[in-house]
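Biologist: Please show me the chain, and let us then go through its geometry by question and answer.

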Amino acid sequence: MAARLCARHLPPVWLCRRAAQGQGRHYRAALCAELKHPLITEEVASRPVGPQEVRVDVHFCGINFADILVCRGQYQEKPPLPFIPGIEFSGAVLETGTDVSTVKKGDRVIGVSNFNAMAEECITDQKTLWRIPENVSLQDAAVLPVSYGTAILALEHRARAQPGETVLVTAAAGATGLAVIDVATNVLRAKINDAFHHVMQRKSTGKVLLSLK
Ligand SMILES: NC(=O)c1ccc[n+]([C@@H]2O[C@H](COP(=O)([O-])OP(=O)(O)OC[C@H]3O[C@@H](n4cnc5c(N)ncnc54)[C@H](OP(=O)(O)O)[C@@H]3O)[C@@H](O)[C@H]2O)c1
């Protein structure tokens, strides 16, 4: 599942300026301050990027089941409170660390981060960022990292699916299932049961997006 949040349209009343006002740059972020409670929007202080890191102006953030679980304290990772949820995003590169060679300022990118993407900007390692082709929108690209990353990890790295082998997808209606079908058929040239093709054609991706622009 995924949704869209537009930070510019957030009601001003939601903004609590607790975080060190006036001391350097700040950006707005959705914070999980208490487990099983609604997220709050706060201004948080920017930090400098490390040598391998990239600061991204986040436009869209996918909302995944993992975000829901982590905000309930039910995910395998339990970040200390308060934390910013969000593990996949799209946006434009704002700043690069001294050793970054894969992207440059202004590039349109998608990325995965370790729970800090539901914000106007986030910092992530250059290894977890990919440039978006010109003909793909930031909105469409934002939900690709988790679903397609999971599909590639499962089929290529774990199952080592080979051309001509049959892949069984037990639930192919949502983002992950559809990505598995796409990767299996179009990248790995494996076979998929016709019934799953039917499901894929019937439904588009079930993901919801969070829009920050
Ligand atoms: N291990 C990993 O790395 C990893 C990574 C990604 C996802 N996942 C897991 O994979 C699962 C799917 O994630 P997703 O991002 O693909 O979610 P998604 O896009 O929301 O898809 C979930 C699908 O399940 C269907 N569904 C929900 N409840 C159902 C029910 N009671 N009976 C039948 N169908 C039902 C939904 O149908 P409707 O659209 O009709 O509601 C939707 O098509 C989640 O459990 C997620 O945590 C794991």
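Predicted model: local features only at pLDDT ≥ 70, side-chain atom pairs only at ≥ 80, totals over all residues.

Modeller: Residues are numbered from 1 along each chain as its sequence is written, and side-chain values use heavy atoms, with hydrogens and water left out.

Biologist: How many helices and strands are there in the chain?

Modeller: Helices (H or I, at least four residues) and strands (E, at least two) are taken as DSSP runs, numbered from the N terminus. On that basis the chain has 5 helices and 10 strands.

Biologist: What percentage of the residues of the chain count as buried?

Modeller: Buried means under 20% relative accessible area, exposed means over 50%, and partly exposed lies in between, with a 1.4 Å probe and protein chains only. The chain has 213 residues, and the part that counts as buried is 46%.

Biologist: Among contacts with a separation of 6 or more, what share comes from residues 24 or more positions apart?

Modeller: Contact means heavy atoms within 4.5 Å. Of the contacts in the chain with a separation of 6 or more, residues 24 or more positions apart account for 73%.

Biologist: Are the axes of α3 and α4 parallel or oblique to each other?

Modeller: Axes are lines fitted to C-alpha atoms, for helices over the stretch in contact, and angles run from 0 to 180 degrees between N-to-C directions. Helix α3 (residues 144–158) and helix α4 (residues 175–187) have axes that come within 8 Å and cross at roughly 55°. Angles under 35 degrees count as roughly parallel, over 145 as roughly antiparallel, 65 to 115 as roughly perpendicular and the rest as oblique. The relation of α3 to α4 is therefore oblique.

Biologist: Which residues of α4 are met by α3, and how do the residues of this contact divide?

Modeller: From α3, the residues Ser147, Tyr148, Thr150, Ala151, Ile152 and Leu155 meet Ala175, Thr176, Ala179, Val180, Asp182, Val183 and Ala184 in α4. Ala, Val, Leu, Ile, Met, Phe, Trp, Tyr, Cys and Pro count as nonpolar, Asp, Glu, Lys and Arg as charged, and the others, Gly among them, as polar. The residues of the contact of α3 with α4 divide into 9 nonpolar, 3 polar and 1 charged.

Biologist: How far apart in space are Glu156 and Val187, C-alpha to C-alpha?

Modeller: Glu156 belongs to helix α3 and counts as partly exposed at 39% relative accessibility. Val187 belongs to helix α4 and is exposed, with a relative accessible area of 55%. Along the sequence Glu156 and Val187 are 31 residues apart, and in space their C-alpha distance is 9.7 Å.

Biologist: Which side chain is joined to that of Glu121 by a polar contact?

Modeller: Glu121 is in strand β6 (residues 121–125) and counts as buried at 5% relative accessibility. A polar contact is a pair of N or O atoms within 3.5 Å; within protein, one must be able to donate a hydrogen and the other to accept it, and residues adjacent in sequence count only if both atoms are side-chain atoms. Leaving aside neighbours within four places in sequence, the residues in contact with Glu121 include Tyr27, Ser46 and Arg55. The polar contact, at 2.8 Å, joins the side chain of Glu121 to that of Arg25.

Biologist: Is Val103 buried or exposed, and what separates its C-alpha atom from that of Arg131?

Modeller: Val103 lies in the loop between β4 and β5 (108–112), and at 7% relative accessibility Val103 counts as buried. Leaving aside neighbours within four places in sequence, Val103 is in contact with residues including Val54, Leu129 and Arg131. Val103 and Arg131 are 28 residues apart along the chain, and their C-alpha atoms are separated by 7.3 Å.

Biologist: What is the omega of the cis peptide bond between Leu81 and Pro82?

Modeller: Pro82 is placed in the loop between α1 (65–71) and β4 (88–96). The cis peptide bond that joins Leu81 and Pro82 has an omega of about -10°.

Biologist: What is the phi of Arg189?

Modeller: Arg189 lies in the loop between α4 and β9 (191–192) and counts as exposed at 54% relative accessibility. Although Arg189 is not a glycine, its phi is positive, at about 60°.
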